[in-house]
Amino acid sequence: MTEDAGRRRRAGGRAGNKTRAGTASVDQMPWRLPVNPDRPIEPLDGEGVQAIHRAAMRILSEIGIEFLNPDALAILQKAGCRVNGENVRMREDFIMEMLGHAPESFTITPRNPDRELIIGGKHMVFVNVSSPPNSWDMERGKRPGDFATFKEFMKLTQYFNCIHIAGGYPVEPIDIHPSVRHLECLFEKLTITDKVVHAYSLGAERVEDVMEMTRLAGGLSHDEFAARPRMFTNINSVSPLKHDFPMLDGAMRLARRGQPVVVTPFTLAGAMAPVTMAGAVALSIAEALAAIALLQYINPGCPVAIGTFTSNVDMKSGAPAFGTPEYMRATQMTGQMARFYKLPLRSSGVCAANVPDGQAMWETSNSLWAAVQSGTNMVYHAAGWLEGGLIASPEKFIMDCEVLQMIQRYFEEATFATADEDLAFDAIKEVGAGGHYFGCQHTQDRYQSAFYAPMVADWRNYEAWEQDGGVWTHERAHGVFKQIMAEFEPPEMNGDHREDLIRFVAKRKQEGGAPTDF
């Protein structure tokens with residue numbers, strides 16, 4: 001095998017990377033839809049699963065959830081739930097009947113059908129960092145998000161094959177007025193990337209505009225758009241025990257049109273949830289199932305997923321903590337509950353560190369491996385997250401992508417295959433006692449593709465590293481970031497579809513976009 005052929009086999013090849021991402025700055029692994037072959041870690045026994053289920057059902061039937069949306073209240077009252085003001089109590093038989101309609105998996109097809117995703121089963125996809133108000137990089141330090149930085153992160157999102165979804169805004173571009181921010185941002189998402197996109201459920205106009213822009217970007221008729229999932233939203237409960245108006249409004253609009261909704265309670269143990277992890281998970285499950293039941297009543301069979309964002313706080317300061325042992329166990333436990341209810345699972349790749357240092361990487365790695373262990377299907381904030389979600393960092397984004405690639409390699413059958421060629425008896429016989437395997441034919445045939453090849457990590461010894469400038473990991477990542485920004489080319493897009501988008505954005509901006517009070 002030639003060196004170039006080996007590189008293509010290992011990492012997709014530079015030409016392949018240019019086709020998929022627009023540049024060749026990193027010899028990365030090719031685009032794929034990862035499949036997790038491992039059995040999940042299950043800290044709960046059968047009785048433990050039933051105990052959390054019973055606790056969640058008691059919360060729903062005896063305490064209730066507040067729905068701060070008149071339409072949702074009217075629908076749930078019609079469904080036979082007990083509605084008292086904004087408080088809704090649901091029977092277990094109603095919840096389980098509604099869950100029986102929800103699909104165990106679903107696909108999402110963006111404007112580029114080659115980027116179609118399966119959400120559910122053993123599939124696992126990764127989402128870029130979403131929603132920080134600030135950014136940080138080595139040159140500019142910490143600063144409020146702006147539109148230029150937003151577009152930088154969209155380029156990273158498109159470039160890296162291990163990122164499957166262009167989720168929420170990687171940084172909030174505060175230099176764009178909120179009335180038209182969604183129009184500007186979604187235009188860039190749909191043109192800089194060709195991956196699945198997300199809509200914030202923050203008002204009817206924003207949700208409707210994003211659905212229409214996604215339809216136009218794909219050149220779809222209204223019937224074609226509604227025939228299958230094309231984009232999605234994620235909503236959060238207002239823990240404890242509340243769902244707010246705009247989140248419910250957006251979720252219901254997408255559900256009616258068959259577009260996926262991920263319901264993710266934000267339950268921090270010791271603050272918005274009980275200090276015990278079982279109590280926090282039970283509360284999170286109750287809040288999620290309440291919204292999912294509503295959506296299934298509105299449109300039985302609409303695609304939904306259950307999300308977990310259960311972690312703990314620092315009891316000294318009250319600050320959120322992520323990547324902790326408690327976070328990992330809560331994620332694993334929620335994975336068990338998601339399988340019990342036969343729903344896809346979303347978790348996150350999160351940390352509390354303020355800069356891309358050792359703490360950032362061990363906490364994020366804990367979060368990501370908890371996702372693997374829990375059978376997570378969609379990993380939010382998988383690359384770029386810092387300061388508990390208040391900062392997005394390009395260096396951290398690239399360092400995280402190294403970890404994501406290693407997880408994807410870990411999933412490959414080559415790492416655990418046991419065919420005759422993998423057992424390598426003839427090679428062992430050839431080398432014999434006291435020899436080495438560098439020169440044997442078995443190694444020569446495989447050396448270029450046998451092991452994971454890093455993008456950012458430096459595997460040389462200290463002296464070689466020091467002689468080459470002693471560049472630390474985040475500095476190497478910064479160099480990769482700058483090179484990607486210099487070389488990036490957007491993916492191809494049908495010119496007519498782009499013009500349709502331009503006209504729609506101009507029209508909606510002229511109409512004022514989404515209403516605001518300022």
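Pro240 lies in the loop between strand S11 (232-235) and strand S12 (242-243). The peptide bond from Ser239 to Pro240 is cis, with omega near 0°. Helices (H or I, at least four residues) and strands (E, at least two) are DSSP runs, numbered from the N terminus. The model is predicted: local features need pLDDT of at least 70, side-chain atom pairs count only at pLDDT 80 or more, and totals for chains, interfaces and linings use all residues. Residues are numbered from 1 along each chain as its sequence is written, and side-chain values use heavy atoms, with hydrogens and water left out.

**Backbone in the loops**

- Most residues other than glycine have a negative phi, and most peptide bonds are trans.
- Leu241 is not a glycine, yet its phi is positive, near 70°.
- Leu241 also lies in the loop between S11 and S12.
- Glu387 is another non-glycine residue with a positive phi, about 50°.
- Glu387 lies in the loop between strand S20 (385-386) and strand S21 (391-392).

**Helix H11**

- Helix H11 covers residues 277-298, and its 22 residues should span 32 Å at 1.5 Å a residue.
- The expected span is 1.5 Å times one less than the number of residues.
- The end C-alpha atoms of H11 are 32 Å apart, which agrees.
- H11 is mostly covered, with 18 of its 22 residues buried.
- Buried means under 20% relative accessible area, exposed over 50%, and partly exposed in between (1.4 Å probe, protein chains only).

**Aromatic rings**

- Rings of Phe, Tyr and Trp (its six-membered ring) pair if their centres lie within 6.5 Å; planes under 30 degrees apart count as stacked, over 60 as edge-to-face and the rest as tilted.
- The whole structure holds 16 aromatic pairs.
- In one of them, the ring centres of Tyr159 and Phe160 are 4.9 Å apart and the planes are at 85°, so the pair is edge-to-face.
- Tyr159 counts as buried because its relative accessibility is 0%.
- Phe160 counts as buried, also at 0% relative accessibility.
- Trp369 and Tyr410 form an edge-to-face pair, 4.9 Å centre to centre with 90° between the planes.
- This pair links distant parts of the chain: Trp369 is in helix H13 (residues 358-374) and Tyr410 in helix H14 (residues 394-411), 41 residues apart.
- Trp369 counts as partly exposed, at 27% relative accessibility.
- Tyr410 counts as partly exposed, at 36%.
- Phe147, Phe150, Tyr169 and Tyr200 are linked into a cluster by ring pairs.

**Charges over rings**

- A charge sits over a ring if NZ of Lys or CZ of Arg is within 6 Å of the ring centre and within 35 degrees of the ring normal.
- The charged end of Arg115 sits over the ring of Trp31, 4.4 Å from its centre.
- Arg346 lies over the face of Tyr380, 4.2 Å from the ring centre.

**Strands**

- Two strands pair if DSSP finds at least two bridges between them.
- S7 (residues 134-137) and strand S8 (residues 141-144) run antiparallel, joined by 4 bridges.
- S7 and S8 form a hairpin with 3 residues between them.
- Trp136 stands opposite Lys142 in S8.
- S7 also pairs with S21, in the parallel sense over 2 bridges.
- Here Ser135 stands opposite Ala392 in S21.
- Asn134 and Trp136 point one way from S7, Ser135 and Asp137 point the other way, and all are buried.
- An open sheet has 3 strands in the order S14-S16-S17, with mixed pairing.
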